[in-house]
Amino acid sequence: FEGMTTVELAKRTGQSISKLQDILLNVGEKVESEFDPLNIDVAELVGMEVGVNVRRIHSAEGEKVLPRPAVVTVMGHVDHGKTSLLDALRQTSVAAREAGGITQHLGAFVVSMPSGAAITFLDTPGHAAFSAMRARGAAVTDIVVLVVAADDGVMPQTLEAMSHAKAANVPIVVAVNKCDKPAADPERVKVQLASEGLPLEEMGGDVQVVEVSAMKKTGLDKLEEALLLQAELMDLKARTDGPAQAYVVEARLDRGRGPLATAIVKAGTLSCGQIVVVGSEWGRIRAIRDMVGQLAAQATPAMPVEIEGLKGLPMAGDDIVVVDSEERARMLSAGRKKKYEKDRLRKIEEERLDIPDVEE
Ligand code: GDP
Ligand code: MG
(Lines give C-alpha, C1' and ligand atoms only; values in the text may rest on other atoms or scores of the structure.)
(Ligands and ions follow the chains in the order given, each with its own letter.)
Protein backbone atom coordinates (compact mmCIF):
# COMPACT_ATOMS: atom_id res chain seq x y z
CA PHE A 1 0.00 0.00 0.00
CA GLU A 2 1.45 3.32 -0.97
CA GLY A 3 -0.89 6.30 -0.96
CA MET A 4 -3.68 4.52 -2.78
CA THR A 5 -6.69 6.59 -3.82
CA THR A 6 -10.36 5.68 -3.49
CA VAL A 7 -10.50 5.06 -7.23
CA GLU A 8 -7.61 2.60 -7.05
CA LEU A 9 -9.00 0.96 -3.94
CA ALA A 10 -12.31 0.49 -5.77
CA LYS A 11 -10.51 -1.20 -8.63
CA ARG A 12 -8.54 -3.47 -6.29
CA THR A 13 -11.49 -4.46 -4.14
CA GLY A 14 -14.09 -4.69 -6.85
CA GLN A 15 -16.35 -2.33 -4.89
CA SER A 16 -18.06 0.73 -6.23
CA ILE A 17 -16.57 4.11 -5.43
CA SER A 18 -19.80 5.26 -3.77
CA LYS A 19 -19.83 2.17 -1.50
CA LEU A 20 -16.26 2.94 -0.45
CA GLN A 21 -17.17 6.58 0.11
CA ASP A 22 -20.00 5.47 2.42
CA ILE A 23 -17.55 3.35 4.41
CA LEU A 24 -15.10 6.25 4.56
CA LEU A 25 -17.85 8.43 5.99
CA ASN A 26 -18.65 5.71 8.51
CA VAL A 27 -15.08 5.57 9.78
CA GLY A 28 -15.12 9.34 10.07
CA GLU A 29 -12.73 10.04 7.23
CA LYS A 30 -13.33 13.11 5.12
CA VAL A 31 -11.87 12.54 1.69
CA GLU A 32 -12.28 15.54 -0.58
CA SER A 33 -11.82 13.70 -3.84
CA GLU A 34 -11.70 10.07 -4.90
CA PHE A 35 -8.33 10.96 -6.43
CA ASP A 36 -6.76 11.92 -3.08
CA PRO A 37 -4.37 9.40 -1.54
CA LEU A 38 -5.86 7.59 1.46
CA ASN A 39 -4.24 7.22 4.83
CA ILE A 40 -2.99 3.64 5.34
CA ASP A 41 -5.00 3.12 8.54
CA VAL A 42 -8.15 4.27 6.82
CA ALA A 43 -7.44 2.00 3.87
CA GLU A 44 -7.01 -0.94 6.24
CA LEU A 45 -10.35 -0.16 7.89
CA VAL A 46 -12.10 0.05 4.54
CA GLY A 47 -10.38 -3.16 3.44
CA MET A 48 -11.67 -4.96 6.52
CA GLU A 49 -15.20 -3.74 5.83
CA VAL A 50 -15.20 -5.20 2.33
CA GLY A 51 -13.22 -8.32 3.22
CA VAL A 52 -9.98 -7.44 1.46
CA ASN A 53 -6.57 -7.60 3.11
CA VAL A 54 -4.68 -4.35 2.89
CA ARG A 55 -1.01 -5.07 3.28
CA ARG A 56 1.26 -2.37 4.61
CA ILE A 57 4.39 -1.80 2.60
CA HIS A 58 6.81 0.37 4.45
CA SER A 59 9.38 1.73 2.12
CA ALA A 60 10.49 5.14 1.09
CA GLU A 61 9.61 7.15 4.19
CA GLY A 62 12.83 8.06 5.93
CA GLU A 63 16.19 7.67 4.30
CA LYS A 64 18.79 6.88 6.90
CA VAL A 65 19.63 3.27 6.08
CA LEU A 66 22.22 1.70 8.38
CA PRO A 67 23.60 -1.79 9.05
CA ARG A 68 21.62 -3.57 11.74
CA PRO A 69 22.24 -6.62 13.94
CA ALA A 70 20.95 -10.00 12.81
CA VAL A 71 17.98 -11.50 14.62
CA VAL A 72 18.61 -15.17 15.36
CA THR A 73 16.27 -18.00 16.35
CA VAL A 74 17.53 -21.28 17.85
CA MET A 75 15.81 -24.45 16.66
CA GLY A 76 16.43 -28.18 16.90
CA HIS A 77 15.27 -31.48 18.33
CA VAL A 78 14.00 -31.64 21.91
CA ASP A 79 16.76 -32.08 24.50
CA HIS A 80 19.52 -31.27 22.03
CA GLY A 81 20.36 -28.21 24.11
CA LYS A 82 18.50 -25.19 22.70
CA THR A 83 17.69 -23.69 26.10
CA SER A 84 21.17 -24.46 27.44
CA LEU A 85 22.77 -22.85 24.41
CA LEU A 86 20.65 -19.70 24.75
CA ASP A 87 21.54 -19.49 28.44
CA ALA A 88 25.23 -19.87 27.66
CA LEU A 89 25.05 -17.25 24.90
CA ARG A 90 23.15 -14.87 27.15
CA GLN A 91 26.01 -15.05 29.63
CA THR A 92 28.48 -13.93 26.95
CA SER A 93 26.51 -10.71 26.55
CA VAL A 94 28.48 -7.64 27.60
CA ALA A 95 25.31 -5.95 28.79
CA ALA A 96 24.49 -8.94 30.97
CA ARG A 97 27.94 -8.79 32.52
CA GLU A 98 27.73 -5.07 33.12
CA ALA A 99 24.38 -5.44 34.81
CA GLY A 100 25.86 -8.07 37.09
CA GLY A 101 24.17 -10.82 35.16
CA ILE A 102 20.73 -9.55 36.10
CA THR A 103 18.90 -9.46 32.84
CA GLN A 104 15.18 -9.35 32.94
CA HIS A 105 13.37 -11.88 30.85
CA LEU A 106 12.41 -10.15 27.66
CA GLY A 107 11.98 -12.95 25.19
CA ALA A 108 15.07 -11.70 23.38
CA PHE A 109 18.58 -10.60 24.23
CA VAL A 110 21.52 -8.96 22.53
CA VAL A 111 25.06 -10.24 22.52
CA SER A 112 27.42 -7.33 21.99
CA MET A 113 30.83 -8.32 20.70
CA PRO A 114 34.05 -6.54 21.68
CA SER A 115 34.24 -5.34 18.06
CA GLY A 116 31.03 -3.40 18.59
CA ALA A 117 28.98 -5.75 16.46
CA ALA A 118 25.84 -7.22 17.99
CA ILE A 119 23.58 -10.22 17.53
CA THR A 120 19.99 -10.35 18.73
CA PHE A 121 18.75 -13.75 19.89
CA LEU A 122 15.08 -14.59 20.22
CA ASP A 123 14.65 -16.41 23.47
CA THR A 124 11.81 -18.73 22.62
CA PRO A 125 13.30 -21.75 20.96
CA GLY A 126 11.03 -24.03 19.08
CA HIS A 127 9.26 -24.42 15.86
CA ALA A 128 5.83 -23.50 17.10
CA ALA A 129 6.94 -19.96 17.94
CA PHE A 130 8.77 -19.62 14.62
CA SER A 131 5.81 -20.88 12.58
CA ALA A 132 3.27 -18.89 14.55
CA MET A 133 5.24 -15.71 13.99
CA ARG A 134 5.60 -16.46 10.30
CA ALA A 135 1.95 -17.33 9.95
CA ARG A 136 1.12 -13.88 11.24
CA GLY A 137 3.43 -12.33 8.68
CA ALA A 138 6.16 -11.49 11.17
CA ALA A 139 9.38 -12.25 9.37
CA VAL A 140 11.60 -11.32 12.29
CA THR A 141 14.24 -14.05 12.08
CA ASP A 142 17.25 -13.51 9.83
CA ILE A 143 19.24 -16.62 10.71
CA VAL A 144 18.35 -19.99 12.28
CA VAL A 145 20.82 -21.73 14.57
CA LEU A 146 20.14 -25.43 14.10
CA VAL A 147 21.17 -27.24 17.27
CA VAL A 148 22.05 -30.92 16.81
CA ALA A 149 23.36 -33.00 19.70
CA ALA A 150 26.64 -34.63 18.74
CA ASP A 151 25.75 -37.90 20.44
CA ASP A 152 22.19 -38.14 19.18
CA GLY A 153 22.52 -36.89 15.64
CA VAL A 154 19.80 -35.83 13.23
CA MET A 155 16.31 -36.47 14.61
CA PRO A 156 12.75 -35.77 13.36
CA GLN A 157 12.59 -32.24 14.77
CA THR A 158 16.01 -31.49 13.29
CA LEU A 159 14.52 -32.16 9.87
CA GLU A 160 11.40 -30.21 10.75
CA ALA A 161 13.51 -27.21 11.72
CA MET A 162 15.43 -27.50 8.45
CA SER A 163 12.22 -27.43 6.44
CA HIS A 164 10.83 -24.49 8.43
CA ALA A 165 14.00 -22.49 7.75
CA LYS A 166 13.91 -23.45 4.10
CA ALA A 167 10.25 -22.50 3.72
CA ALA A 168 10.98 -19.13 5.32
CA ASN A 169 14.06 -18.71 3.16
CA VAL A 170 16.17 -18.18 6.27
CA PRO A 171 19.80 -19.38 6.20
CA ILE A 172 21.00 -21.95 8.76
CA VAL A 173 24.12 -22.03 10.88
CA VAL A 174 24.58 -25.47 12.47
CA ALA A 175 25.65 -25.75 16.11
CA VAL A 176 26.73 -29.31 16.83
CA ASN A 177 26.18 -29.33 20.59
CA LYS A 178 27.26 -31.60 23.46
CA CYS A 179 30.70 -32.03 21.92
CA ASP A 180 31.99 -32.56 25.48
CA LYS A 181 30.29 -35.94 25.68
CA PRO A 182 32.40 -39.08 25.24
CA ALA A 183 29.82 -40.40 22.78
CA ALA A 184 29.97 -37.22 20.69
CA ASP A 185 30.51 -37.83 16.99
CA PRO A 186 30.31 -34.48 15.16
CA GLU A 187 31.54 -36.02 11.91
CA ARG A 188 28.61 -38.41 11.86
CA VAL A 189 26.23 -35.46 12.39
CA LYS A 190 27.76 -33.63 9.44
CA VAL A 191 27.40 -36.65 7.17
CA GLN A 192 23.78 -37.01 8.24
CA LEU A 193 23.01 -33.33 7.62
CA ALA A 194 24.69 -33.43 4.22
CA SER A 195 22.73 -36.53 3.24
CA GLU A 196 19.55 -34.66 4.20
CA GLY A 197 20.46 -32.07 1.63
CA LEU A 198 22.02 -29.37 3.79
CA PRO A 199 24.92 -27.91 1.78
CA LEU A 200 27.68 -27.74 4.39
CA GLU A 201 30.55 -25.36 3.87
CA GLU A 202 33.27 -27.97 4.30
CA MET A 203 31.63 -29.95 1.52
CA GLY A 204 31.53 -27.03 -0.87
CA GLY A 205 28.22 -25.51 0.25
CA ASP A 206 27.50 -22.34 2.20
CA VAL A 207 26.15 -23.63 5.54
CA GLN A 208 28.61 -23.13 8.38
CA VAL A 209 28.98 -25.78 11.08
CA VAL A 210 30.35 -24.99 14.53
CA GLU A 211 31.14 -27.52 17.25
CA VAL A 212 30.03 -26.33 20.68
CA SER A 213 29.27 -27.42 24.19
CA ALA A 214 26.58 -25.38 25.88
CA MET A 215 27.46 -27.08 29.15
CA LYS A 216 31.21 -26.47 29.07
CA LYS A 217 30.67 -23.15 27.23
CA THR A 218 33.12 -24.03 24.49
CA GLY A 219 32.84 -22.93 20.87
CA LEU A 220 30.45 -20.09 21.70
CA ASP A 221 32.80 -17.45 20.33
CA LYS A 222 33.14 -19.49 17.12
CA LEU A 223 29.35 -19.68 16.87
CA GLU A 224 29.03 -15.92 17.35
CA GLU A 225 31.71 -15.35 14.70
CA ALA A 226 29.90 -17.65 12.30
CA LEU A 227 26.68 -15.73 12.88
CA LEU A 228 28.39 -12.40 12.30
CA LEU A 229 29.91 -13.73 9.09
CA GLN A 230 26.53 -14.98 7.91
CA ALA A 231 25.00 -11.61 8.79
CA GLU A 232 27.73 -9.81 6.87
CA LEU A 233 27.04 -11.92 3.80
CA MET A 234 23.38 -10.97 4.05
CA ASP A 235 24.29 -7.29 4.28
CA LEU A 236 21.50 -6.62 6.77
CA LYS A 237 20.38 -3.03 6.74
CA ALA A 238 17.41 -1.13 8.01
CA ARG A 239 15.94 2.31 7.70
CA THR A 240 16.47 3.91 11.08
CA ASP A 241 14.41 7.08 10.77
CA GLY A 242 10.76 7.54 9.94
CA PRO A 243 7.76 5.64 11.30
CA ALA A 244 8.45 2.35 13.06
CA GLN A 245 7.51 -1.03 11.73
CA ALA A 246 7.84 -3.50 14.60
CA TYR A 247 6.73 -6.90 15.86
CA VAL A 248 5.80 -8.38 19.21
CA VAL A 249 7.96 -11.36 20.18
CA GLU A 250 6.46 -11.91 23.59
CA ALA A 251 3.81 -10.36 25.83
CA ARG A 252 2.90 -10.69 29.46
CA LEU A 253 0.70 -9.07 32.04
CA ASP A 254 2.46 -7.33 34.92
CA ARG A 255 0.38 -6.68 38.01
CA GLY A 256 1.67 -3.18 38.51
CA ARG A 257 2.53 -2.09 35.00
CA GLY A 258 -0.21 -3.75 33.00
CA PRO A 259 0.32 -5.38 29.61
CA LEU A 260 3.99 -5.50 28.60
CA ALA A 261 5.15 -6.43 25.13
CA THR A 262 8.64 -7.26 24.01
CA ALA A 263 9.06 -5.74 20.60
CA ILE A 264 11.67 -5.85 17.89
CA VAL A 265 11.72 -2.96 15.48
CA LYS A 266 12.24 -3.98 11.85
CA ALA A 267 12.57 -0.47 10.51
CA GLY A 268 12.28 3.08 11.70
CA THR A 269 12.29 4.31 15.26
CA LEU A 270 9.70 3.62 17.93
CA SER A 271 9.44 6.42 20.47
CA CYS A 272 7.98 6.95 23.88
CA GLY A 273 4.65 8.77 23.73
CA GLN A 274 3.65 7.40 20.35
CA ILE A 275 0.20 5.95 19.83
CA VAL A 276 0.36 2.43 18.47
CA VAL A 277 -1.93 -0.30 17.26
CA VAL A 278 -0.55 -3.71 18.17
CA GLY A 279 -2.40 -6.57 16.55
CA SER A 280 -5.92 -5.84 17.70
CA GLU A 281 -4.84 -3.90 20.77
CA TRP A 282 -3.74 -0.31 21.08
CA GLY A 283 -2.17 2.12 23.49
CA ARG A 284 0.09 5.06 24.02
CA ILE A 285 3.67 4.04 24.76
CA ARG A 286 4.30 5.09 28.33
CA ALA A 287 7.75 3.57 28.73
CA ILE A 288 10.36 1.77 26.67
CA ARG A 289 12.91 -0.38 28.48
CA ASP A 290 15.98 -2.09 27.10
CA MET A 291 17.10 -5.62 27.92
CA VAL A 292 18.63 -4.64 31.23
CA GLY A 293 15.53 -2.76 32.30
CA GLN A 294 16.91 0.71 31.65
CA LEU A 295 14.47 3.32 30.39
CA ALA A 296 15.03 4.36 26.80
CA ALA A 297 13.42 7.13 24.82
CA GLN A 298 13.48 5.17 21.58
CA ALA A 299 13.95 1.76 20.02
CA THR A 300 15.90 1.25 16.82
CA PRO A 301 16.05 -1.76 14.45
CA ALA A 302 16.85 -5.22 15.87
CA MET A 303 17.00 -3.89 19.43
CA PRO A 304 14.62 -5.83 21.69
CA VAL A 305 12.66 -3.55 23.99
CA GLU A 306 9.80 -3.83 26.39
CA ILE A 307 6.96 -1.43 25.81
CA GLU A 308 4.44 -0.38 28.40
CA GLY A 309 1.13 1.39 27.95
CA LEU A 310 -1.02 -0.99 25.91
CA LYS A 311 -4.67 -1.39 26.88
CA GLY A 312 -4.70 -5.13 26.28
CA LEU A 313 -2.37 -8.09 25.87
CA PRO A 314 -1.10 -8.60 22.30
CA MET A 315 0.19 -11.90 20.88
CA ALA A 316 3.59 -12.98 19.64
CA GLY A 317 3.89 -12.06 15.99
CA ASP A 318 1.50 -9.10 16.18
CA ASP A 319 2.60 -6.10 14.16
CA ILE A 320 3.06 -2.70 15.75
CA VAL A 321 2.07 0.34 13.76
CA VAL A 322 2.23 3.95 14.78
CA VAL A 323 -0.93 5.98 14.20
CA ASP A 324 -1.75 9.68 14.43
CA SER A 325 -4.48 9.81 17.04
CA GLU A 326 -6.12 7.84 19.83
CA GLU A 327 -9.35 7.98 17.90
CA ARG A 328 -7.80 6.27 14.91
CA ALA A 329 -6.07 3.74 17.15
CA ARG A 330 -9.34 2.85 18.81
CA MET A 331 -11.06 2.47 15.47
CA LEU A 332 -8.34 0.32 13.95
CA SER A 333 -8.18 -1.82 17.06
CA ALA A 334 -11.95 -2.33 17.06
CA GLY A 335 -11.93 -3.11 13.33
CA ARG A 336 -9.19 -5.67 13.73
CA LYS A 337 -10.89 -7.28 16.74
CA LYS A 338 -13.98 -7.74 14.62
CA LYS A 339 -11.96 -9.17 11.76
CA TYR A 340 -9.90 -11.52 13.97
CA GLU A 341 -13.11 -12.84 15.52
CA LYS A 342 -14.62 -13.42 12.08
CA ASP A 343 -11.45 -15.19 10.93
CA ARG A 344 -11.45 -17.31 14.08
CA LEU A 345 -15.07 -18.39 13.60
CA ARG A 346 -14.47 -19.14 9.94
CA LYS A 347 -11.49 -21.31 10.85
CA ILE A 348 -13.51 -23.24 13.40
CA GLU A 349 -16.20 -23.77 10.80
CA GLU A 350 -13.65 -24.96 8.22
CA GLU A 351 -12.14 -27.37 10.71
CA ARG A 352 -15.59 -28.69 11.53
CA LEU A 353 -16.24 -29.33 7.85
CA ASP A 354 -12.83 -30.96 7.51
CA ILE A 355 -13.67 -33.75 9.94
CA PRO A 356 -14.45 -36.72 7.76
CA ASP A 357 -17.55 -38.78 8.43
CA VAL A 358 -16.67 -41.82 10.42
CA GLU A 359 -18.29 -44.98 9.22
CA GLU A 360 -19.40 -47.41 11.87
P1 GDP B 1 16.26 -28.28 24.72
O2 GDP B 1 15.13 -29.21 24.93
O3 GDP B 1 16.75 -28.37 23.31
O4 GDP B 1 16.00 -26.90 25.16
O5 GDP B 1 17.47 -28.88 25.59
P6 GDP B 1 18.02 -28.39 27.00
O7 GDP B 1 18.83 -27.17 26.88
O8 GDP B 1 16.92 -28.39 27.98
O9 GDP B 1 19.04 -29.58 27.32
C10 GDP B 1 18.63 -30.92 27.43
C11 GDP B 1 19.59 -31.67 28.31
O12 GDP B 1 20.88 -31.73 27.69
C13 GDP B 1 19.81 -31.03 29.67
O14 GDP B 1 19.91 -32.03 30.64
C15 GDP B 1 21.13 -30.30 29.51
O16 GDP B 1 21.83 -30.18 30.74
C17 GDP B 1 21.86 -31.21 28.55
N18 GDP B 1 22.85 -30.46 27.74
C19 GDP B 1 22.64 -29.34 27.03
N20 GDP B 1 23.76 -28.93 26.42
C21 GDP B 1 24.73 -29.82 26.77
C22 GDP B 1 26.11 -29.93 26.45
O23 GDP B 1 26.71 -29.13 25.73
N24 GDP B 1 26.77 -31.01 26.98
C25 GDP B 1 26.16 -31.92 27.78
N26 GDP B 1 26.90 -32.92 28.23
N27 GDP B 1 24.85 -31.82 28.09
C28 GDP B 1 24.14 -30.79 27.60
MG1 MG C 1 14.25 -26.09 25.96
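The legends below describe several close-up views of one predicted model.

Because the model is predicted, local features are given for residues with pLDDT of at least 70 and side-chain atom pairs count only at pLDDT 80 or more, while totals for chains, interfaces and linings use all residues. Residues are numbered from 1 along each chain as its sequence is written, chains are lettered from A and ligands numbered from 1 in the order in which they are written, and side-chain values use heavy atoms, with hydrogens and water left out.

**View 1. The residues around ligand 1.**
A residue is near a molecule if one of its heavy atoms lies within 4 Å of it. There are 15 residues around ligand 1, and those that come nearest are Asp79, Lys82, Thr83, Ser84 and Asp180. This shell divides into 3 nonpolar, 7 polar and 5 charged residues, where Ala, Val, Leu, Ile, Met, Phe, Trp, Tyr, Cys and Pro count as nonpolar, Asp, Glu, Lys and Arg as charged, and the others, Gly among them, as polar. Helix H4 (residues 82–91) provides the largest share of the shell, 3 residues; helices (H or I, at least four residues) and strands (E, at least two) are DSSP runs, numbered from the N terminus.

**View 2. Polar atoms that meet ligand 1.**
A polar contact is a pair of N or O atoms within 3.5 Å; within protein, one must be able to donate a hydrogen and the other to accept it, and residues adjacent in sequence count only if both atoms are side-chain atoms. On the side chain of Asp180, a polar atom lies 2.7 Å from a nitrogen atom of ligand 1. A backbone N or O atom of Asp79 is found 2.8 Å from an oxygen atom of ligand 1, and a polar backbone atom of His80 is 3.4 Å from an oxygen atom of the ligand. Of the 580 Å² of accessible area that ligand 1 has on its own, the protein covers 72%, with accessible areas taken from the Shrake-Rupley method with a 1.4 Å probe and, for residues, only the protein chains shown counting as cover.

**View 3. Asp79 and its loop.**
Asp79 is placed in the loop between S2 and H4. Is this residue, Asp79, buried or exposed? Asp79 counts as exposed because its relative accessibility is 63%, given that buried means under 20% relative accessible area, exposed over 50%, and partly exposed in between (1.4 Å probe, protein chains only). Although Asp79 and Asp152 are 73 residues apart in sequence, their C-alpha atoms are 9.7 Å apart in space.

Asn177 belongs to strand S6 (residues 172–177) and, at 2% relative accessibility, counts as buried. The side chain of Asn177 reaches the backbone oxygen of His80 at 2.9 Å, and the backbone of His80 also has a polar atom 3.4 Å from an oxygen atom of ligand 1. Lys178 lies in the loop between S6 and helix H8 (186–195), where its phi is near 65 degrees, a positive value in a residue other than glycine. With 21% relative accessibility, Lys178 counts as partly exposed.

**View 4. Strand S10 and its two partners.**
Strand S10 (residues 258–267) is largely enclosed by the rest of the structure, because 9 of its 10 residues are buried. Two strands pair if DSSP finds at least two bridges between them. Strand S9 (residues 245–254) pairs with S10 in the antiparallel sense over 9 bridges, and a hairpin of 3 residues joins S9 to S10.

**View 5. Arg68 and its contact.**
Arg68 is found in the loop between strand S1 (65–67) and strand S2 (70–76). At 14% relative accessibility, Arg68 counts as buried, and its side chain makes a polar contact with the side chain of Asp142 at 2.8 Å.

The loop between helix H9 (220–234) and S8 holds Asp235, whose phi is near 50 degrees, a positive value in a residue other than glycine. Asp235 is partly exposed, with a relative accessible area of 48%, whereas Ala238, at 4% relative accessibility, counts as buried. Ala238 lies in strand S8 (residues 237–239), and its C-alpha atom is separated by 37 Å from that of Arg346, 108 residues apart along the chain.
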